[in-house]
Amino acid sequence: MAFTFIHTADWQLGKSFGQFPADIGGALRLARQSVITKIAEAAKTAGAKHVLVAGDVWDSAIPSNTTLRQPLTIMGEAAELRWWLLPGNHDPDGPDGLWDRIDAVKPDNVRTLRAPEAIEIETGVFILPAPWTRIQHGQDLTDWMTTCETAKGALRIGLAHGGVRGFGSEGEGAREIIPPDRTETARLDYLALGDWHAHAEISKRTAYPGTPEPDRHKVGARGQVLAVTLEPGKTPKIETISTASYDWPLIDLAVQPGTIKAKLSELRAELLAGHPLRQTHVRLNISGDMTVEDWAKFETFKEEMTGECASFDLRGANLVRLVVVAEDIESLDAQGSVREAAEALASRSEDEDLSREDRQIASEALRLLFRYASETA
């Protein structure tokens, strides 16, 4: 008997995206809701009838009425699917009553997992959920699975939210207490985890799907769900299915005089190979040295990207050193006042007796001076 399901997590519906202007934040919130339809399509493609959501369905325990109801309606429209929702640390099943609100309005094909008890979702297939009841619990919520009995020969799927001990970027702590061998100690065919927003396979039977719609500039595969196929006694087959509407590339660009044209051409081609630029949130970390001519080309590129991309976040520009040659100085003005200022700033930007900060300030002032001179020429 083969059983296929979709493993997803960390939808965080209603996330504010307060770092962006209102129109961009609104588009990102809508994308997090629209991804539900893409997940339903992924399930159809994979031949799955069940979608398991491993926590943080909502971004908070007090979503607005619209943020609560509209996603449930979308799930209800995919009537051929069963959606299994687990409370996580962002949306715990606590005294605020969120999950009572959900149960009061959810469609029949949406099921909430509010108790640590085995649930048979199909003949011979059990979910063992580990729901959160408060923001911080300080204990291993999967521990009960080790003593849970199910029918002999049944498939056992653990569903939990949190970090695996010794795994992740945050180090060990109150939330990172799920043992990496939980599939063995609880006799699980698969442990479906949520909490880490990038896809990661901890073992052949334990995985994080990552968020289905990326929400930040970080490394790791983001913007997908997992189609998992289980058969008794066999290693799970795990397929990654892309669901993201937006790209969030994190790019490091090191430049030297004379290289900027080629590097910007390569960068643009790389960006165009992904999502459309209007659906791409770029963070560019730039470093190195540029000539005045290089900097003018880069300013043009930055203006283009700022207008064409969903967002363009430039970091490190104030640390780029401006390399000035005599011809650049001579071109500034006939009277010499601006030229004298440029010579002084150029000298300070290269003066090893000054602090790095002072040299950077001089280099930034020099860039501003050349920009002003070009605009008033």
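1. Isoleucine 119 has isoleucine 127 of β6 as its bridge partner. The model is a predicted one. Strand β5, residues 119–122, and strand β6, residues 125–129, run antiparallel and are joined by three bridges.

2. The hairpin formed by β5 and β6 has two residues between the strands, and glycine 124 there takes a positive phi near 80°.

3. The next point concerns two helices. Helix α2 covers residues 65–77 and helix α3 covers residues 98–105; their axes come within 11 Å and cross at roughly 45°. The crossing of the two helices, α2 and α3, is right-handed.

4. As for the residues at this crossing, α2 contributes Asn65, Leu68, Arg69 and Leu72, which meet Leu98, Arg101, Ile102 and Val105 of α3.

5. Arginine 182 belongs to helix α4, which spans residues 182–185. Is arginine 182 buried or exposed? Its relative accessibility is 5%. Because the limit for buried is under 20%, arginine 182 counts as buried.

6. The surroundings of arginine 182 can be listed. The side chain of arginine 182 makes a polar contact of 2.8 Å with the side chain of threonine 142. Leaving aside residues up to four places away in sequence, arginine 182 touches Asp140, Thr142, Asp143, Thr146, Arg187, Leu188 and Leu191.

Technical notes
Residues numbered from 1 in each chain as written. Predicted model: local features only at pLDDT ≥ 70, side-chain atom pairs only at ≥ 80, totals over all residues. Heavy atoms only, no water. Pairing = 2+ DSSP bridges. Helix = DSSP H or I, 4+ residues; strand = E, 2+ residues; numbered from the N terminus. Buried < 20%, exposed > 50% of the residue type's maximum accessible area, 1.4 Å probe, protein only. Polar contact = N/O pair within 3.5 Å; in protein donor to acceptor, adjacent residues only side chain to side chain. Contact = heavy atoms within 4.5 Å. Axes fitted to C-alpha atoms, helices over the stretch in contact; angles between N-to-C directions. Left-handed = near helix turned anticlockwise from the far one by under 90°.
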